[in-house]
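Open the model in your viewer and keep the selection tool at hand. This tour moves from stop to stop, saying what to select and what is there.

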Amino acid sequence: MSDNHPPANPSTLGDRFTAPYHGYIERVKAGVIYGWAAAKVGDHPIDLVVLANKEKIGEGRADIFREDLKEHNIHSGKHGFKIGLQVDVVIPTDAKIELFEAESLQPIAHNGYLLKHDVQEFEAEFSDVQNGYLEVSLSSLEALGELKCILLIDEKKELGIEVKTKQKQKTLRFLLPKSVLDQQNHLYQIFIEGSSVLLASAVLSAQPIQTPWKYLTQSYNEPGFLGVPPPADFRYESLKYQVDAANKHNSLDSLGAYISAHDVLCQGYEGRTTFPKLSLPEEDKPLVSIILPAFNKFELTYHAIASIILAHNQCTYELILADDCSDDMTQNAQDIVSNLVIARSSQNKGFLRNCNEASQKARGKYLVFLNNDTEVTSQWLDELIDVFEQHDNVGISGAKLLNADGSLQEAGGIVWNDGKPWNVGRDASSLDPRYNYVRQVDYVTGAAFCIKTDVWQQVGMFSDEFAPCYFEDTDLAYKVRQSGFKVMYTPFAQVVHAEGQSHGKDVNEGLKTNQKLNQITFGKKWFQDFKHNGIRHKRNLDINKDRFINHRILVLDNTTPDENRDAGSYAMVQEMQLMIALGAKLTFLPHNLAHFGKLTKRLQKMGVEVLYAPFYKSVGDVLKQRINEFDAFFIVRYDVAQNYMDIIREKSNAKIIFNNADLHFLREIRGALNAPDESKLLKKARKTRKAELEVCKKADAVLCYNTVEHAVITSHILQADKFHVTPWVLTEKPPGKAFKDRHGLAFLGSFNHTPNVESIQYLSEQVMPALYSVRPDIVLYVYGSNMPDDMQALETNNLKMVGYAQRLDDVYCEHRIFVAPLLSGAGIKGKVLEAMAYKLPVVLTDVAREGTGLNHEISCLVAENVEQWVEQVCRLYDDEALWNKLAENEKIIADSQFSKARGIEKMRDIFASVNLY
């Protein structure tokens with residue numbers, strides 16, 4: 001086994017070998033402990049627990065075969081171990097490591113080992129993979145000294161580089177194994193040998209073909225080469241959407257334009273001398289006017305236009321080519337691209353004045369400025385516009401810019417207190433959670449941004465004092481914000497930007513010299529606005545990039561909410577929106593660290609930073625890295641909270657707001673009282689009660705959905721001042737069908753939730769058979785996620801097991817009565833509140849009515865036994881006047897008690913109770 005120390009002779013362990021187990025700790029690398037352990041007698045593998053200063057830091061099994069162990073008579077040699085240190089444990093400096101057999105907890109005699117743990121603070125940053133090498137910048141506040149830097153690939157392969165320097169920064173070049181030069185994403189992690197702290201991680205892909213694309217353009221149509229350029233995935237996605245749209249609208253003739261554009265993009269712009277004709281869509285009333293400024297370099301402009309044609313968007317647009325008196329093929333652009341609007345200057349005016357002049361031709365509600373050295377992707381326009389529709393008072397939205405290799409070029413811009421701008425996230429992974437949520441920014445780059453046309457006119461376009469170019473985009477953002485509008489960045493409008501193609505990169509040559517001059521102009525103009533923006537340093541970036549906020553709150557739940565799956569998910573999303581409305585920057589941490597596709601994206605578009613693997617390994621890893629960043633922790637469910645409240649209290653002064661979702665022990669007690677094995681279930685409920693009340697005691701504020709739960713908890717812990725009714729917000733619903741056009745009963749509830757399963761069984765076994773005997777025409781439709789197969793067997797003539805509801809409108813707008821026969825449970829019943837918002841009258845039990853504000857005979861009907869259920873359902877099903885009365889009254893309650901404005905005020909009171917103002 002390479003670079004393993006030979007095992008110590010057991011006889012050298014002295015008196016300690018009298019223990020039944022012996023072993024050896026050889027080294028700690030990249031957060032992994034290596035060594036061996038075995039029983040004194042017997043060849044069986046043993047399970048291990050690893051302690052550091054009496055605290056568990058890892059566990060594993062000693063069962064790895066090593067030839068060196070066999071040679072030294074350690075039985076058959078199957079006793080090596082490789083145990084990862086737990087990232088959620090803070091290990092003290094110079095920690096003494098001890099080994100124990102897991103089952104008996106008997107100590108394992110071994111050499112002493114002190115873990116030198118993170119005395120010095122290091123930072124690491126990945127660069128791109130080039131020519132088979134991965135560059136890593138390693139830095140420290142002190143001299144790096146002597147150490148070994150470990151690169152871990154996919155948590156399996158290790159590469160190490162020895163460092164010996166008096167400098168505070170060094171660039172390390174790791175030669176990657178050929179196995180990862182496969183165009184696939186791989187996880188790279190950087191550690192210092194002997195430390196469990198992850199310095200940096202990135203998901204990167206390495207290209208097996210390193211030849212610049214301009215030399216391969218003739219091969220683009222050969223099998224195996226079409227997908228080589230990093231933007232190939234974007235192009236495939238765009239073409240797929242365009243084909244789907246053409247099929248849907250029966251307009252297959254339009255595919256020719258998209259296929260031609262796709263071919264152009266695949267060939268690339270490098271060395272292009274021929275320009276086949278392209279066709280833009282013709283629009284009489286475009287929503288968006290895209291302004292594409294250009295001065296010569298038509299091959300770039302042509303490539304950008306092809307990408308605009310290929311990219312699928314729902315919104316309509318026109319493309320205005322702002323030709324700044326070019327003398328190349330740009331002069332003939334209108335002959336090459338049909339439906340192209342031309343704004344041509346008679347003399348060269350420079351970028352700024354060229355854009356201002358071209359904007360006067362725009363017809364759209366929105367203006368989008370796009371550099372001609374870009375390639376756009378599917379939905380880029382829709383996503384820029386979506387920011388205006390989803391967020392209040394937006395003036396500008398900016399795109400995520402990507403480098404040609406797929407890495408991040410810019411995720412919005414930041415201006416420091418010295419007036420110098422930075423690209424946020426430069427050269428980082430484009431998938432990093434820190435850069436993948438909608439947020440307010442200091443400015444967005446002029447390479448790809450959207451502004452409302454009326455705001456553009458109101459602020460006076462680009463300021464002429466920055467002509468011919470540079471800082472005009474930064475200045476525009478400050479003018480827009482000064483006028484009371486927000487400047488926002490969205491990661492979902494993705495644009496590949498070949499930076500430097502237009503003006504080069506040397507600030508001492510050509511038009512780039514204006515960058516220096518205009519920085520002085522910008523500084524004089526806006527000093528009072530940026531002087532408190534923080535000191536320019538990458539260590540300060542993660543805090544300062546979110547400056548337009550009041551509080552930083554980490555929201556911790558067991559998984560990412562799915563609003564169509566259960567009421568708790570709906571509530572969680574609404575509560576996050578209320579906190580955002582109060583100026584909070586939210587970081588959402590799902591306990592499973594899973595990225596859930598569109599569910600994760602939903603939160604990110606709201607403005608929530610969502611953390612996920614592999615960028616973080618566990619909740620403990622997040623707390624270790626970022627615990628001091630937050631003013632408060634909003635934790636949902638006691639079984640999640642109980643694992644982390646102590647470490648938060650120990651390591652942070654942040655407030656803890658605990659939302660119990662529902663009172664679990666109350667639900668379990670109610671369930672037990674209706675079950676045959678009552679004593680067993682009550683015992684479990686008492687255990688839950690102890691744990692749940694302990695969490696309530698430790699929290700600074702406890703949120704419950706109804707006052708019944710408040711009273712129950714208060715009766716146990718006598719701390720009434722910390723309890724609050726959790727705000728619940730009901731959104732406006734579409735009108736449903738009239739009484740006479742509706743049919744049947746509806747029930748909705750996740751099958752993962754025990755009270756819902758109990759309700760369905762009660763309905764199928766007792767209520768619906770009794771109802772069938774008097775009214776066989778009334779049918780119950782059961783909707784719900786995760787319906788098990790055995791539930792399908794419940795279906796009868798008057799009971800239909802529908803399953804997952806794609807749209808809530810189908811549940812609440814089609815049927816005549818909503819039923820909620822809950823026998824157990826706690827909290828508030830979101831399904832009932834939704835019925836109220838939809839004006840769908842409800843028949844329900846008292847348990848289901850808790851927290852809703854509904855009253856029997858006034859806004860609902862209550863039934864507690866089978867006879868009452870049959871009576872009330874039949875009565876309401878036939879009485880249109882009663883139906884209308886209940887519908888109107890429940891809607892009044894929904895509007896008055898569950899509005900967004902009321903929810904914001906309730907959340908403001910909760911914040912104030914823990915001194916968040």
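This is a predicted model: local features need pLDDT of at least 70, side-chain atom pairs count only at pLDDT 80 or more; totals for chains, interfaces and linings use all residues.

Asn-915 belongs to the segment after helix H26 (900-913). Is Asn-915 buried or exposed? Its relative accessibility is 52%, so Asn-915 counts as exposed, the cut-off being over 50%. Now check the backbone. Phi of Asn-915 is near 65°, a positive value in a residue that is not glycine.

Asn-786 sits in the loop between strand E38 (780-783) and strand E39 (799-803). Phi is positive here too, about 60°, although Asn-786 is not a glycine. Asn-786 is partly exposed, with a relative accessible area of 43%.

**Two cis peptide bonds**

Select Ala-467 and Pro-468. The peptide bond from Ala-467 to Pro-468 is cis, with omega near 5°. Pro-468 lies in the loop that runs between helix H8 (453-458) and helix H9 (472-482).

Then select Ala-613 and Pro-614. The bond from Ala-613 to Pro-614 is cis, and omega is near 5°. Look for Pro-614 in the loop between strand E32 (609-610) and helix H14 (619-626).

**Aromatic rings**

Show the side chains of Phe, Tyr and Trp. How many aromatic pairs are there? The count comes to 22. A ring pair is described by the distance of the centres and the angle of the planes.

Zoom in on Phe-275 and Tyr-302. Their ring centres are 5.0 Å apart and their planes stand at 85°, so this pair is edge-to-face. Angles over 60 degrees get that name. Phe-275 is in the loop between helix H3 (255-267) and strand E16 (278-279), while Tyr-302 is in helix H4 (residues 298-310), so the pair ties together parts 27 residues apart in sequence. Phe-275 is buried, at a relative accessible area of 16%. Tyr-302 counts as buried at 0% relative accessibility.

Phe-298 and Tyr-302 are four residues apart in helix H4, separated by about one helical turn. Both Phe-298 and Tyr-302 are buried.

Now select Phe-471, Tyr-478, Phe-522, Trp-526, Phe-527 and Phe-530. Ring pairs link these residues into a cluster.

**Charges over rings**

Pick Arg-816 and Tyr-877. The charged end of Arg-816 sits over the ring of Tyr-877, 4.5 Å from the ring centre. Move on to Arg-439, whose charged end sits over the ring of Tyr-437, 5.9 Å from its centre.

**Helix against helix**

Colour H2 (residues 232-248) and H4. These helices pack at an angle of about 45°, and their axes are 9 Å apart. H2 and H4 are therefore oblique to each other. Arg-235, Ser-238, Leu-239 and Gln-242 in H2 meet His-303, Ile-309 and Leu-310 in H4. By class, this contact of H2 with H4 has three nonpolar, three polar and one charged residues.

Colour H22 (residues 830-837) and H25 (residues 880-897) next. Their angle is about 110°, with axes 7 Å apart. H22 and H25 are therefore roughly perpendicular. Ala-835, Met-836 and Ala-837 of H22 make the contact with Glu-890, Lys-891, Ile-893 and Ala-894 of H25. The contact of H22 with H25 divides into five nonpolar, no polar and two charged residues.

**Last stop**

Select Glu-98 in strand E7 (residues 95-101). Glu-98 counts as buried, at 16% relative accessibility. Leaving out residues up to four places away in sequence, Glu-98 touches Val-49, Val-50, Leu-51, Lys-54 and His-110.

Key
Residues are numbered from 1 along each chain as its sequence is written. Side-chain values use heavy atoms; hydrogens and water are left out. Rings of Phe, Tyr and Trp (its six-membered ring) pair if their centres lie within 6.5 Å; planes under 30 degrees apart count as stacked, over 60 as edge-to-face and the rest as tilted. Helices (H or I, at least four residues) and strands (E, at least two) are DSSP runs, numbered from the N terminus. Buried means under 20% relative accessible area, exposed over 50%, partly exposed in between (1.4 Å probe, protein chains only). A charge sits over a ring if NZ of Lys or CZ of Arg is within 6 Å of the ring centre and within 35 degrees of the ring normal. Contact means heavy atoms within 4.5 Å. Axes are lines fitted to C-alpha atoms, for helices over the stretch in contact, and angles run from 0 to 180 degrees between N-to-C directions. Angles under 35 degrees count as roughly parallel, over 145 as roughly antiparallel, 65 to 115 as roughly perpendicular and the rest as oblique. Ala, Val, Leu, Ile, Met, Phe, Trp, Tyr, Cys and Pro count as nonpolar, Asp, Glu, Lys and Arg as charged, and the others, Gly among them, as polar.
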